[in-house]
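Welcome, and please open your viewer.

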Amino acid sequence: MIIDCHTHLASPMVLPPVFFDGWTDNIRRLLPPKLPRAHVDRIAQSFRLALEDPDGDQLIADMDAAGVDVAVLHIIDFELGFPGRVTPLDEVFAAHRRVLARHPGRVVVFAGVDPRRGKSGVELFERSIAEWGFKGLKLYPPCGFSPSDPALDPFYDLCAQHRVPVLTHTGPTTPRLSFRHTHPSELDDAARRFPTVDFVLGHGSVVHRDDAALLAEFRPNIYLDTAGFQVVDRQGEWSSSVAFFKRRGLLRKLLFGTDWPIHSQVATTAAARQRLAGPDTGGLTPMELQWILETNAREVLKIDAPSSAPANTTP
Ligand SMILES: [Zn+2]
């Protein structure tokens with residue numbers, strides 16, 4: 001079984017145009033000064049959502065081509081970050097419930113809720129877990145809160161009660177939002193106070209790598225995902241990162257994630273899976289690769305091992 005622990009539905013409802021506007025603002029400033037306008041526009045356009053897949057059918061096709069069995073879809077609650085400019089959260093939740101029903105056993109949904117919604121947000125999260133079968137909490141601190149904000153305590157209590165994990169975004173994102181609470185250390189207080197809840201630092205093996213690794217090394221309940229490693233790989237840096245995590249003894253804390261569809265123009269899921277541990281990525285053993293692709297995510301997500309799994313691959 002292979003699990004992609006970090007994906008999104010390819011729909012403007014989930015990843016809104018205003019989110020991508022910031023990326024294109026930035027890319028225009030990074031390009032050489034004398035490029036023809038059409039060329040600049042084309043590059044900027046490539047940072048927008050190229051794919052419309054609101055039912056998840058293309059996601060499943062990409063997973064099939066890559067041999068990925070299960071994808072975790074993350075809802076991001078953008079409503080307080082981009083007031084009036086995004087689809088209301090209840091509609092986004094409804095869309096994910098439809099995808100869950102359409103592709104049973106192939107997708108897992110993490111509910112995204114901004115803690116500043118207060119009681120109604122807690123109720124929505126509880127309902128999504130207890131009634132709709134969602135399996136975790138997705139936090140997006142760039143919208144303006146810390147993952148250790150006490151307002152999240154009732155959410156974490158529910159995570160402990162229902163034994164579901166939390167995945168929190170780390171690192172810079174669209175320049176239209178704040179980077180202030182996106183450092184991995186922002187999670188430390190919550191992880192200490194809720195030791196029975198597992199936390200995944202989204203992009204933790206890619207951005208603020210050393211600080212994320214330190215937390216994963218010393219906090220039993222902190223994990224890192226690989227979402228966005230495709231960019232690091234294109235820059236030629238991924239193989240040294242894999243070697244770094246292996247040296248530090250952290251391969252049991254690493255979860256395969258692609259951030260599909262964000263990087264799907266750079267690398268399909270199949271290519272990403274191949275590049276994750278290609279021949280130049282530090283010599284992972286088949287067992288170590290299985291930890292990253294399957295075992296670690298199964299433990300965090302509480303997905304039982306398939307009965308046909310070879311006995312010697314579970315450490
Ligand atoms: Zn993501």
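Which side chains meet in a salt bridge at 2.6 Å, N to O, with R117 as one partner? Select R117 and E79: their side chains form that bridge. A salt bridge here is a side-chain nitrogen of Lys or Arg within 4 Å of a carboxyl oxygen of Asp or Glu.

Before going on, a word about the model. It is a predicted one, where local features need pLDDT of at least 70 and side-chain atom pairs count only at pLDDT 80 or more, while totals for chains, interfaces and linings use all residues. Residues are numbered from 1 along each chain as its sequence is written, and side-chain values use heavy atoms, leaving out hydrogens and water.

**Stop 1: around the first bridge**

R117 sits in the loop between β3 and α5, and E79 in the loop between β2 (70-74) and α4, so the pair ties together parts that are 38 residues apart in sequence. Helices (H or I, at least four residues) and strands (E, at least two) are DSSP runs, numbered from the N terminus. R117 is partly exposed at 24% relative accessibility, and E79 is partly exposed at 26%. Buried means under 20% relative accessible area, exposed over 50%, and partly exposed in between (1.4 Å probe, protein chains only).

Now select D114, in the loop between β3 (107-112) and α5 (119-130). D114 is buried, with a relative accessible area of 0%. The side chain of D114 meets that of R116 in a salt bridge (2.6 Å, N to O). Leaving aside residues up to four places away in sequence, D114 touches D77, L80, C143 and F145; contact means heavy atoms within 4.5 Å.

**Stop 2: the zinc ion**

Select the zinc ion next. Its protein donors are H6 (NE2), H8 (NE2) and D259 (OD), lying 2.1 to 2.2 Å from the ion. H8 belongs to the loop between β1 (3-7) and α1 (17-30) and D259 to the loop between β8 (254-255) and α11 (269-276), so the pair ties together parts that are 251 residues apart in sequence. Both H8 and D259 are buried. Donors are N, O and S atoms within 2.8 Å of the metal (3.2 Å for Na, K and Ca); water is not among the atoms, so sites may look incomplete.

**Stop 3: helix α11**

Which residues of α11 are buried? Highlight T269, A272 and L276. Viewed down the axis of α11, these buried residues fall within an arc of 60°, so they line one face of the helix. The arc is that of the directions from the helix axis to the C-beta atoms. Their cover includes β1, α3 (57-66), α9 (229-234), α10 (238-247) and α12 (286-301).

**Stop 4: the nonpolar core**

Show F78, F93, F125, F134, Y156 and F199: of the 78 residues in the largest nonpolar core, these touch the most other members. Such a core is a set of buried Ala, Val, Leu, Ile, Met, Phe, Trp, Tyr and Cys residues joined through side-chain atoms within 4.5 Å. Helix α4 (residues 89-102) supplies the largest share of this core, 5 residues. Apart from it lies another core of 13 residues, among them V70, F110, L167 and L255.

**Last stop: V166**

Finish with V166, in strand β5 (residues 166-169). V166 is buried, with a relative accessible area of 0%. The C-alpha atoms of V166 and F199 are 4.8 Å apart, although 33 residues separate them along the chain.
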